[in-house]
Amino acid sequence: MSIFDKIKEKPFLLSDSDVQWVKDTLAGMTEKQKIGQIFCLCAREGTEQEIEDTLQVMEPGGIMYRPFTAEQAVNFTAMLDKAMKIPMLISANLEKGGNGIVSEGTMLGSPTEIAATDDVKFAERLGTICGREGAAVGANWAFAPIIDIDYNFRNPITNTRTFGSDPERVKNFGRAYVENVQKYKLAASIKHFPGDGRDERDQHLVTSINDFSCEEWDQTYGAAYQACIDAGALTVMVGHIMQPAYIRHFNPEIKDEDMMPATLSPELMQGLLRDKLGFNGLICTDATSMAGFTIPMSREKAVPLSIASGADMFLFTKNLAEDFEFMCKGVEEGVITKERLDEAVVRVLALKAALDLNKPRTLPTLESALQVLGCEEHKQWARECADMAVTLVKEEPGVLPLTPEKYKKILYCPIESGQGVAYSVKAGVCDHFKEMLENEGFCVTTFEPPQGFEGKVPRYLDTVDEYDAIVYLANMSTKSNQTTVRIEWAQPMGANCPHYIQDVPTVFISVENPYHLLDVPRIKTFINGYSSTDETLNAIVEKLCGRSEFKGTNPIDPFCGKWDTRL
C-alpha cells in the first residue's frame, strides 16, 4: 500500500481532495523545503525577527509555543500565517489546561489531580479545555496526553504529570483526553513512547529505560497506547527511553551497547509502534536537545538517523543551522532515503490536511480568544476538580477539622524554594496560604529556625505550651533537569523537622509533589493537593476547616512503598 493510500485510512481519514492537496504540495517542494517540513522548532520570543532568523535557514513544518500572553500568541499566529507558504503546525504542552500555551489560560489541574477525582469526566474536561483554549490562540497540536505510568516515586519527571500508577486509569483517562481535544481540531500527541515512569532517572539528562518484559509492557503501557491509537490519536511523541525487551524481541542478535532510545530505534518506532500497535499517524521525537538523545551517538549521525529509523518530525534543534545541515547531509548521503523523506513529509502534510489547515480559515483575534480563555465555565470545572481531588492520605483521629475555637494559635512551617534548590514552583503560595489561615481567624506564627546548637536551643516545652497546632505546607514540584525533589531541612539539626508530633497536633499539606511522606513518615495527618492553583488552595482550606469533606482517591502510592509511612 502506498503512503497516499495509507493517509486515507485512520487516523488521518483524508478525502480524495485532501490527498490531492498533499500530492500537489509535495510535488511543488524542493528537497530542502521537504527537509524543513520535518522540523518542529521552539518559539520563545514570538517576534517577526524570530521568524526572519528561522527563514534564513529553513521553512519549518511546525513550531511549539512556550507560554505567551494571549496577545503575543494571537499576534504570532498571524505572523506565521503571513510568513509561511505552507500552513504551520502550532503546538504546546497542553497537559494541565490552556495555561500550557498562554498565561490567561485555565489550569484545570495536574494530570495526577485529574486522576485523584477518580472520575473520567475530568479527563474529558481537560481535553475540552485544552482544545478550546488552544484553538482560541491558533494552536492545532497538543503535546498531550501524557500516558506514562508513575511506577517509580523517585522519577523526577513523571510525578504529577501522569494520570497516576494504575494502568487502567491511565488508559481510560488518556483515551478520554484524546477523544475530546481532537474535537477542536487539535491533534493529540500521546507521550512519551514507549513509556516513562519505570526508571528513576530523567531522559533530559540520560537515556532512561523502561524495564518491563514484553508481556508486562503489553498489559500496561501497551494497553494505554493501543486504546489511544484506537481512539484516533493523530500523533505519538517518542521519548529518549529504551525498552530492551522489545528491542531484543524485534532484533534478537542486537548487542546491549547497540540498543538505542526509541527516538533512534527502528525496533521501537517501526517494529512496535507501527507494526505491532498499528499506528499510522505522525511520529514526532521528543525534544532532541535532551541529553537522552545526544549521549548515545554523535549528533551529526543522530539527527538524520532519527528520521531514517521511523520518526516523521524532528523536535527542536541545538543549533538551528547546524542541525539542518546534518539533516541535509543525511539525505545527501542516503542515511535518509528519498522514499523515507517523502513518506515523512507526506505524514506531516496529511496531519495538516486532517486538521483542515489546507482550507480557508479564520485567524483568531485577541477579542475572540479572551472570550474563551479562563471563561467562567472552565473556572467552575477547575473548582469542581479541586474539590473532588484533594486527598486525605492519613488522619490522626480527632485532629480535624481545624477551627480557631479549637486551635487558635498555629505554628506555620512553609517549605518551598530557597532551601538550597531552585524548585520550579508558583511563587508566593506559602505566603498566600498563611493569609488564608489568618482570614479564617487563626493566629499564625511562621516558624523561624532558632540560634544555637546542642544544649543551646530553646526549651522544647516552650513550643508545646505556646501552640495549639502545627501546619506544614510543602510547595515543591518536580521539573526537568532536576534529579531529585527531597525536603532540605533547616539548620540547626533539621530545625523545622516535625519534632513535636507527639505533643502538638500536626498537619502536613503538599500542594505539588505527592511523595513527601518519604521525608515525614511519622506525620499522622497528611493531605495531598497535587497542584498549587487558587482553586486547590481554596478546596484545601474548605476541607481543613470542616466545611467540605475529603473526596480524593490516591492515584499513586503516597506511602512510597515504605511501611513506616503508614504509621
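How many of the 567 residues of the chain count as buried? In this predicted model, in which local features need pLDDT of at least 70, side-chain atom pairs count only at pLDDT 80 or more, and totals for chains, interfaces and linings use all residues, 59% of the 567 residues of the chain count as buried, where buried means under 20% relative accessible area, exposed over 50%, and partly exposed in between, with a 1.4 Å probe and protein chains only. Residues are numbered from 1 along each chain as its sequence is written, and side-chain values use heavy atoms, with hydrogens and water left out.

The secondary structure of the chain comprises 21 helices and 16 strands, helices (H or I, at least four residues) and strands (E, at least two) being DSSP runs numbered from the N terminus. The radius of gyration of the chain is 25 Å, close to the 24 Å that the globule rule gives for 567 residues, so the chain is as compact as a globular protein of that length; the radius is taken over C-alpha atoms, and the globule rule is 2.2 Å times the number of residues to the power 0.38. The C-alpha trace spans about 80 × 60 × 40 Å along its principal axes. Of the contacts in the chain with a separation of 6 or more, 77% are accounted for by residues 24 or more positions apart, contact meaning heavy atoms within 4.5 Å. The chain exposes about 21900 Å², of which carbon and sulfur atoms supply 48%, with accessible areas from the Shrake-Rupley method with a 1.4 Å probe and, for residues, only the protein chains shown counting as cover.

Aromatic side chains were examined next. A pair of aromatic rings is described by the distance of the centres and the angle of the planes. A search of the whole structure finds 21 aromatic pairs, rings of Phe, Tyr and Trp (its six-membered ring) being paired if their centres lie within 6.5 Å, with planes under 30 degrees apart counted as stacked, over 60 as edge-to-face and the rest as tilted. In one of the pairs, the ring centres of Tyr65 and Phe68 are 5.3 Å apart and the planes are at 45°, so the pair is tilted; both Tyr65 and Phe68 are buried. Elsewhere, ring pairs join Phe193, Trp217, Tyr225, Tyr246 and Phe250 into a cluster. Charged groups also sit over rings, the criterion being that NZ of Lys or CZ of Arg is within 6 Å of the ring centre and within 35 degrees of the ring normal: the charged end of Lys23 lies over the ring of Phe4, 5.3 Å from its centre, and Arg198 lies over the face of Tyr151, 5.4 Å from the ring centre.

Thr263 is placed in the loop between α11 (244-250) and α12 (266-276) and, at 0% relative accessibility, counts as buried. Its side chain makes a polar contact of 2.9 Å with the side chain of His240, a polar contact being a pair of N or O atoms within 3.5 Å in which, within protein, one must be able to donate a hydrogen and the other to accept it, while residues adjacent in sequence count only if both atoms are side-chain atoms. Not counting residues up to four places away in sequence, Thr263 touches Val238, Gly239, His240, Met269, Thr285, Asp286, Phe293 and Ser306. Met269 is also among the buried residues of α12, together with Glu267, Leu268, Gly271, Leu272, Leu273 and Arg274, and this helix is followed by Gly278, whose phi is positive, near 75°.

Cys42, in strand β1 (residues 39-43), is partly exposed, with a relative accessible area of 22%. Leaving aside neighbours within four places in sequence, Cys42 is in contact with Glu50, Ile63, Met64, Arg66 and Phe316. Phe316, in the loop between β10 (314-315) and α15 (320-332), is buried at a relative accessible area of 8% and has a positive phi of about 70° although it is not a glycine. A positive phi, near 40°, is also found for Asn159, which is placed in the loop between β4 (141-142) and α8 (167-181) and counts as buried at 2% relative accessibility.

Turning to peptide geometry, the bond from Lys10 to Pro11 is cis, with omega near 10°, and Pro11 lies in the loop between α1 (3-6) and α2 (16-27). The peptide bond from Lys191 to His192 is likewise cis, with omega near 5°, and His192 lies in strand β5 (residues 187-193).
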